[in-house]
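Let's take a quick tour of a few spots in this structure. Have the sequence and the 3D view open as you read.

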Amino acid sequence: MQQILSISGSPHIHSPRSTDRIMWMVIIALMPALACSLYCFGLGAAIVTAGSVLVCLVTEYVISRYMLGRRTPVFSVSAVLTGLLLAFNLPSNLPLWIVAIGGVVAIGVGKMAFGGLGCNIFNPALVGRVFLLLSFPAQMTSWPLPGADRMSYVDVSTGATLLSSLKTGDVVQMDLMREALGFTGGSLGEVGAVALLIGATWLLVTRVITWHVPVAILSTVTLFALAIGSDVAVELLGGGLLLGAFFMATDYVTSPMTHRGMMIYGVMIGVITVVIRHWGAYPEGVSFAILIMNGVTPLINRYVRPRKFGERRRAYGC
């Protein structure tokens, strides 16, 4: 009997674009930020990025082929994107063996353990990043200074980031131009706000993502920062907020399906981020906030649903 109905995992999108094509468009949008990180951190950024992507590719192929028994190509666009996003959450002097552990955890635990693409509950790259942060806190919080030692890898000069200085109560003097162009310490994806915004604009114009999640996150962080008297520019440009808002929280699989649900999701990510930054143990809270709300997404999807076609709203008291 000929099969006339194909059933596959999420995301289910009514679009002429394929999943691979959408992922390629996200990868293209990340290229300005990657170029900025390569310019700022040099050899270390190239090694960490290449190592992360390679480990993710190999891990996905091995698990799919030899553990799940699937016929799968060696090259997976999904694994490339996960490896690239993981690298963007790592410092450029992180030893390769730690990068490899992060890639294995991101793909093996964050993605393939749930059944592969479309079945994962949490963003795989953030699963890898948070695992490394909890397991290797010293290495994961040693931030190379941009512009120096470009041809060095592990042996580079390091310093505090804006958010870590803010956390310890140091006086933060922010140079908006240097921060926007990427001349600041942090992970690969924390530098170059202008480069990230160029990629984000590309995603919005091509309708790969909608404005609801990033606008909800950024406006919530802005309002919360004003309410507690924090520096809004530091909150928005410091850390991985822009990377998380535009490239990670908008993941089709782990974010809500409706626009109203996306707004709730984004507002809560913004609130949790600022709470962790100011009253938590870590100076940065974007990764934790997104993962927490990834877990809440099924609940949001259940209770924030569009009205069925032809359904009447019940009158009060009925």
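Which side chain does Arg129 join through a polar contact of 3.2 Å? The partner is the side chain of Ser287. Keep in mind that this is a predicted model.

## Around Arg129

Arg129 sits in helix H5, which covers residues 124-135. Its relative accessibility is 5%, so Arg129 counts as buried, the cut-off being under 20%.

Besides Ser287, Arg129 is in contact with Leu86, Asn89, Met140 and Trp143, once its neighbours within four places in sequence are set aside.

Thr59 is part of helix H2, residues 43-67. With 10% relative accessibility, Thr59 is another residue that counts as buried. Leaving out residues up to four places away in sequence, Thr59 touches Val104, Ile107 and Gly108.

Thr72 is found in the loop between H2 and helix H3 (77-88). Here the relative accessible area is 24%, so Thr72 is partly exposed. Thr72 touches Tyr61, Ser64 and Arg65, again not counting residues up to four places away in sequence. As for Glu60, Thr72 is 12 residues from it in sequence, and the two are 9.2 Å apart in space, C-alpha to C-alpha.

## Helix H12

The buried residues are Leu241, Leu242, Leu243, Gly244, Ala245, Phe246, Phe247 and Met248.

Methods: Residues are numbered from 1 along each chain as its sequence is written. This is a predicted model: local features need pLDDT of at least 70, side-chain atom pairs count only at pLDDT 80 or more; totals for chains, interfaces and linings use all residues. Side-chain values use heavy atoms; hydrogens and water are left out. Buried means under 20% relative accessible area, exposed over 50%, partly exposed in between (1.4 Å probe, protein chains only). Helices (H or I, at least four residues) and strands (E, at least two) are DSSP runs, numbered from the N terminus. Contact means heavy atoms within 4.5 Å. A polar contact is a pair of N or O atoms within 3.5 Å; within protein, one must be able to donate a hydrogen and the other to accept it, and residues adjacent in sequence count only if both atoms are side-chain atoms.
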